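Student: I would like a close look at a single part of this protein. Please take me through it with care.

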Amino acid sequence: MKQVVTFGEIMLRLSPPLNYRLTQTATFEATYGGGEANVAASLTQLGMPAAHVTCFPANELGQAATQHFQRYGVNMVHTVFRGERLGLYFLEVGASMRPSKVVYDRFDSAFANLQPEDFNWDEILKDASWFHWTGITPAISASAAQACKDAIAAARRLGITVSGDVNYRRNLWQYGQKAQDVMPGLVEGCDVIVASENDSEDLFGIVPQEGASHSFTSMAEQLMARFPNVKQVITTRRETLSASHNQLKGILYDGKSFVESPSYDIVPIVDRIGGGDAFIAGFIYGSLTSDDQQQALTFGVASSALKHTIHGDFNLATKAEVDEVVKGNTSGRLLR
């Protein structure tokens, strides 16, 4: 089976135990994560080979982050070690009406200072079936954006499916280029895009047509007309009842059909971070193992729902566990 390749920054995650606030904790739990790497790790738990490409500082933190993902079966052989700093983020886990909060400390990281020529994408992607990136990577620095563009171009040259989660984070774009100028050149090389109506408006100026029967379908049709390589537009719909209680479903449009998954009631939420990454990982898995896009979408949303019950940045659910949720077995009944 060919592997899925992802590309992006990995950070050290520091979080107070339980639901302590950042201002009251005396200790932090440490783990590692990043949007694209979370996809790779989630895929390996489902039984699909995956590799992640990144840049780490040549010190013990870079080694520890590498080993963390290797422990879960992610191929890290293409990691570049240069620079001096591993990015950090601090997570305060909310509860009930108090939302979770993230504080970033990632400026001037090794990944932000990567050199695009360090990555031989034809070699990296030679055994790949799918390449995945997110809009976080080109937001970090001009060099990261160029490396991402090079990777997408190589994937298209090699006939590899490309997915992109546009994941617009306006506060990350601080290096002098606008997302609206950079992202279209990356999205035009994609087969699958994860984007909501808000993302589409912010990045591409595309809004649902007035009087459209369905805002997502209207947006997706315009997005596909502008970027003809895009074959599927997908996203999740989340209803936030509280920090501890969400309802989640997925939707998809392929230019002809609108597809919707069942809605999953998630309560209590253990850790929401990485839920979107688990969704796209499940969708990639479903797409590579089935020709049924309804099945792929439902598998993706079920994967995301399970991730909300697992501590850490990525999904540790197995295929068998996701299959049980897809079948409707969501009672959480004790297994003996």
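Which residues lie nearest the centre of the second largest pocket, and how many residues line it?

Tutor: The model is predicted, so that local features need pLDDT of at least 70 and side-chain atom pairs count only at pLDDT 80 or more, whereas totals for chains, interfaces and linings use all residues. Residues are numbered from 1 along each chain as its sequence is written, and side-chain values use heavy atoms, with hydrogens and water left out.

The second largest pocket has a lining of 21 residues, and nearest its centre lie Leu306, Val325, Asn329, Thr330 and Gly332. A pocket here is an open set of points on a 1 Å grid over the protein atoms alone, where a 1.4 Å probe fits, with protein on both sides within 12 Å along at least five of seven lines; lining residues have an atom within 4 Å of a point. The space in this pocket comes to about 750 Å³, a volume being the space filled by probe spheres set on the points, which are joined across faces, edges and corners.

Strand S15 (264–266), helix H10 (293–307) and helix H11 (319–326) are the elements that each give two or more residues to this lining; helices (H or I, at least four residues) and strands (E, at least two) are DSSP runs, numbered from the N terminus. By class, the lining holds 12 nonpolar, 5 polar and 4 charged residues, where Ala, Val, Leu, Ile, Met, Phe, Trp, Tyr, Cys and Pro count as nonpolar, Asp, Glu, Lys and Arg as charged, and the others, Gly among them, as polar.

Val325, one of the residues nearest the pocket centre, also belongs to a core of 49 residues, whose members include Ala40, Leu252 and Tyr285. Such a nonpolar core is a set of buried (under 20% relative accessible area, 1.4 Å probe, protein chains only) Ala, Val, Leu, Ile, Met, Phe, Trp, Tyr and Cys residues joined through side-chain atoms within 4.5 Å. This core lies apart from the largest nonpolar core, which has 55 residues.

Notes:
Buried < 20%, exposed > 50% of the residue type's maximum accessible area, 1.4 Å probe, protein only.
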